[in-house]
Amino acid sequence: MEQKAKQTVYVNTFTDGVLDPIQPMLGPVKNGGTIVANTTPGCWGPMITPCLKGGHEVTQPVYVEGAEVGDAIAIRIRSIQVTSVATASGNDETVEGRFLGDAFVAAKCPQCGTLHPETKVEGIGPGSVRCVGCGAEATPFLFTNGYTMTFDDTKKVGLTLHRNAAEKIARNGRAYMATPENSQQNPIVAFAPHDLPGVMARVRPFLGQLGTTPSHPIPDSHNAGDFGSFLINAPHDYALSQEQLDEHRTDGHMDINRVREDAILICPVKVAGGGVYLGDMHAMQGDGEIAGHTTDVSGIVTLQVHVIKGLTLDGPILLPVKEDLPYLAQPFTAEEKAKAAKLAQQWALPQDQLEESLPVSFIGTGSNLNEATDNGLRRAAQLLDISIPEVLNRATITGAIQIGRHPGVVTVTFLVPVGKIKEMGILDLVEEQYGMGD
């Protein structure tokens, strides 16, 4: 990169659905600098926009000054603000004949056969997405059960709507969704789903996509071990082997609801500059995202980035906000430490063997939850230079395995000895997030 690094980089441009390391990056942003992005809605809009090749529409990646392959980038999520007035979502089914092997990656027109056809929205409802070339219905996805949701002015509460309201929103979809000007996606509210009217939900936004650029072109929604498994020996241009997927992916597509404001995500650097990207903001989601999709919204996000030299990661590490930690992984209070010290004295355990520890979440992904758990356990063991059985014990008595996304994203969270955290080079970040207990 020849440009002078900037303190703040503003992002309002997007990929075509593919994270490609040879494509130009924005920036560079200074090490310690800020990225401010206007993100597009994630899953459903891109899913009904066949010209997009990844199932999402994430931001153009940003080059971070000084980030080299083998380093890591700590991303502090300073703020997340929902800008959409309404959205639509629900459980999906694919439409046979409208894709080549993978409806997220290789949509095609069922009539003229064009791969990744340009489309336009005509009218409202599930038949409204039409091929520009021949006029045929072209969406590769439909709802099995869907809803349209609007939000109050404070963006604290959401409410699903009845048919008439859903259809009103459908007629002016991009405005109600506050879709950024440079976004190509069709607004999913155009389908006007209304199967669940009158459902209230609390808003707590987070980023389903946040991470760094993989070292090989990968469709954005497939930059993880579960969705990425769809690429193995696929019949389209983005096919990979299992070995290639494991080598190149950075697990930026996590759908972990704890990746929210004030959390810190530490990501691997697999290409020069890291290539920080984000998107797929959700208004709310329970653990597991069991419907396959949730409330995709536009928003404004502020991130601060710091390079960690020499910390080589296979996948991300998360430092959630304190209230999101499992009960057993909460940092110990002064009172609890005093009780442990008294026990140590009672049983003649040397005080220097009384462990100081703080919580860390290691992210694992795989084609199913068992594989994802094994991946997270293995990553933790390798980084901490301890055995997997030790990780099993620590996660059992001082942490938890939590589902990020079904079918295959988990966090392995437990209290890690402070000495091990220091060896990793992230003790300052962990102490910043949790302190040393009350």
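Good morning. By the rule applied here, the count comes to 3 cavities of 30 Å³ or more. A cavity is a set of points, on a 1 Å grid over the protein atoms alone, where a 1.4 Å probe fits but cannot get out. This is a predicted model, in which local features need pLDDT of at least 70 and side-chain atom pairs count only at pLDDT 80 or more, while totals for chains, interfaces and linings use all residues. Residues are numbered from 1 along each chain as its sequence is written, and side-chain values use heavy atoms, with hydrogens and water left out.

The largest cavity has a volume of about 40 Å³, a volume being the space filled by probe spheres set on the points. Its lining, meaning residues with an atom within 4 Å of a point, includes P46, M47, F104 and F141. That lining divides into 9 nonpolar, 2 polar and no charged residues.

I turn now to the largest pocket, a pocket being an open set with protein on both sides within 12 Å along at least five of seven lines. The volume of the largest pocket is about 610 Å³. Of its 18 lining residues, F332, E355, S357, T398 and L415 are the closest to its centre. Helices α5 (334-346) and α7 (388-398) each supply at least two residues of this lining, with α7 giving the most, 4 residues. Here the lining comprises 8 nonpolar, 5 polar and 5 charged residues.

Next, the nonpolar cores, which are sets of buried Ala, Val, Leu, Ile, Met, Phe, Trp, Tyr and Cys residues joined through side-chain atoms within 4.5 Å. Buried means under 20% relative accessible area, with a 1.4 Å probe and protein chains only. In the largest core, of 39 residues, L210 and L303 touch the most other members. Strand β5 (residues 72-82) provides the largest share of this core, 5 residues. Apart from it lies another core, of 33 residues, among them A74, I308, I421 and L429.

Finally, how is strand β3 placed? Of the 14 residues of β3 (residues 26-39), 11 are buried, so the strand is largely enclosed by the rest of the structure. Strands pair if DSSP finds at least two bridges between them. Strand β1 (residues 6-11) runs parallel to β3, joined by 5 bridges, and Y10 has V36 as its bridge partner in β3. Strand β4 (residues 62-64) also pairs with β3 in the parallel sense, over 2 bridges, with L26 opposite V62. With β16 (residues 299-308), β3 pairs in the antiparallel sense over 6 bridges, and T39 stands opposite G299.

Technical notes. Nonpolar A, V, L, I, M, F, W, Y, C, P; charged D, E, K, R; others polar. Buried < 20%, exposed > 50% of the residue type's maximum accessible area, 1.4 Å probe, protein only.
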